[in-house]
Amino acid sequence: FATRYRVKGTADAAVWREKTGLNFAMLGPDVLAGSIGADIDATLMADGKGTVAVELMLDDASLTLQPLGYAKAIGDAARASLVMNLSQGKVSDLSKIVLNGKDLVVDAAMTFTADGKFSSARIARFVAGETDIGGSVRPDAGGYEIDLRGKDRKSTRLNSSHTDISR
């Protein structure tokens, strides 16, 4: 390898968003707030390939997924892991996205095009509150093709395929 970094630290979620550039609405202060511990291990090659493994400690953070009726309070245990693979210095995929906490399980992966645009997501399992789904998402003609299957804990079945949601 050309370079290896190992970083450990704790910062407020707002600082993480600002410093990492991950300032998406889906990770905004109404979704993720509080203190986040991180252990980051990055291996970067001279040819632009590399791997960044991230372990996040979310015990001192709140997480709210309003549309799903899910909320994790500060003090509730939660951990997240992700593995980001790089090609030509850009993110090519998130081969591992795992999140475990109170009433929360995520096991997913995402791919990106060479120019960094979202290409696809595979959701092996997503449990949040009453929602328990799996499936896939990919861009499709001005929207997204979404194939989700699952069942909520009240026995309501979810079976949606090829749903178009405008971006």
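# Close-up views of a predicted model

View 1. When neighbours within four places in sequence are left aside, the residues in contact with Ser81 are Val54, Glu55, Lys96, Ile97 and Val98.

**View 2. Strand E2 and its pairing with E1 and E4.** Strand E2 (residues 32-44) runs antiparallel to strand E1 (residues 3-12), and ten bridges join the two. One of the residues to look for is Arg4, whose bridge partner in E2 is Thr43. Strand E4 (residues 61-65) is likewise antiparallel to E2, to which three bridges join it, and here Ala33 has Ser62 of E4 as its bridge partner.

**View 3. The hairpin formed by E2 and E3.** Eight bridges join E2 to strand E3 (residues 50-57) in an antiparallel arrangement, and the bridge partner of Ala38 in E3 is Leu56. Five residues lie between the two strands of this hairpin, and Gly48, which is in the turn, has a positive phi of about 90°.

**View 4. Asp103 in the loop between E7 and E8.** Most residues other than glycine have a negative phi. Asp103, by contrast, has a positive phi near 55° although it is a residue other than glycine. The loop that holds Asp103 lies between strand E7 (90-101) and strand E8 (104-112), and Asp103 counts as partly exposed because its relative accessibility is 42%, a value to be read against the limits of 20% and 50% for that class.

**View 5. Ala141 in the loop between E10 and E11.** Ala141 is not a glycine, yet its phi is positive, at about 40°. Strand E10 (131-140) and strand E11 (143-151) are the elements between which the loop with Ala141 is found. Because its relative accessibility is 76%, Ala141 counts as exposed, the cut-off for this class being over 50%.

Terms used
Residues are numbered from 1 along each chain as its sequence is written. This is a predicted model: local features need pLDDT of at least 70, side-chain atom pairs count only at pLDDT 80 or more; totals for chains, interfaces and linings use all residues. Side-chain values use heavy atoms; hydrogens and water are left out. Two strands pair if DSSP finds at least two bridges between them. Helices (H or I, at least four residues) and strands (E, at least two) are DSSP runs, numbered from the N terminus. Buried means under 20% relative accessible area, exposed over 50%, partly exposed in between (1.4 Å probe, protein chains only). Contact means heavy atoms within 4.5 Å.
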